[in-house]
Amino acid sequence: MTSALAKLNDALPSLDWVEISDRKAGAIKLTPIEAAPEPRNLRRIKNEVARRWSAVPLIDILKEAILRTGCLAEVTAATGTGHMHPDVLAERLTHTPTARTCATSAAVT
C-alpha cells in the first residue's frame, strides 16, 4: 500500500485532469469528463417503460420491487448492524408505509 501511495503521489503533479490546492481544508478539483454517448437502445427502453408504466409513479415501482425481491434484507445484513427491520427501512426509503408497518406505526421511531 505504501508503494501504491508513493506512485500516486509522484503521478499527481503530471495529471492534467486533477488539481490539488494548498487550502487548509484541502480542495481537490477534477476536470469534468465528456459525457459518454447514449447507449444504442436506451431511448427505445425508455419509451417502452413510459408506454407500459407511465401512469404508475416511480416510487410505487420502487416499493413493489423492494417488496417482491426482499432486497432490503440483504442490504441490512450487509451493513453489519441489522438493527432496523427491512419493513421499517423500506418505509423510510420510500416515505410510504408498508402494510406491515401501518399497523405498528406508533412503534416506529
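Predicted model: local features only at pLDDT ≥ 70, side-chain atom pairs only at ≥ 80, totals over all residues.
**Stop 1: the nonpolar patch.** Select Ile45, Val49, Trp53, Val56, Leu58 and Ile61 and display their surface. These six side chains form a nonpolar patch, and together they present about 550 Å² of accessible area. Next, colour the helices α2 (42-53) and α3 (58-69), each of which supplies at least two residues of the patch. Which helix gives the largest share? That helix is α2, with three residues.

**Stop 2: Ile45.** Centre the view on Ile45, a member of the nonpolar patch that is found in helix α2. Is Ile45 buried, partly exposed or exposed? Its relative accessibility is 49%, so Ile45 counts as partly exposed; the class of exposed residues begins over 50%.

**Stop 3: Glu48 and Arg52.** Remain on helix α2 and show the side chains of Glu48 and Arg52. They meet in a salt bridge, with 2.8 Å from N to O. The two residues are four positions apart in helix α2, which means that about one helical turn separates them. Glu48, Arg51 and Arg52 are linked in a network of salt bridges.

**Stop 4: Glu38 and Arg43.** Select Glu38 together with Arg43. A salt bridge joins this pair, and the closest N and O atoms are 3.2 Å apart. What is the relative accessibility of Glu38? The value is 43%, so Glu38 counts as partly exposed. Arg43 likewise has a relative accessibility of 43% and counts as partly exposed.

**Stop 5: Glu64 and Arg68.** Move to helix α3, and select Glu64 and Arg68. Both residues lie in this helix, four residues apart, or about one turn. Their side chains form a salt bridge in which the closest N and O atoms are 2.6 Å apart. Arg68 is exposed, with a relative accessible area of 67%, while Glu64, at 37%, counts as partly exposed.

**Last view.** How many salt bridges does the model contain? The count comes to four. Among them are the pair Glu38 and Arg43, the pair Glu48 and Arg52, and the pair Glu64 and Arg68.

Terms used: Residues numbered from 1 in each chain as written. Heavy atoms only, no water. Patch = residues over 30% accessible without salt bridge, like charges linked within 9 Å, V, L, I, M, F, W, Y side chains within 5 Å. Areas by Shrake-Rupley, 256 points an atom, 1.4 Å probe, with all protein chains shown as cover. Buried < 20%, exposed > 50% of the residue type's maximum accessible area, 1.4 Å probe, protein only.
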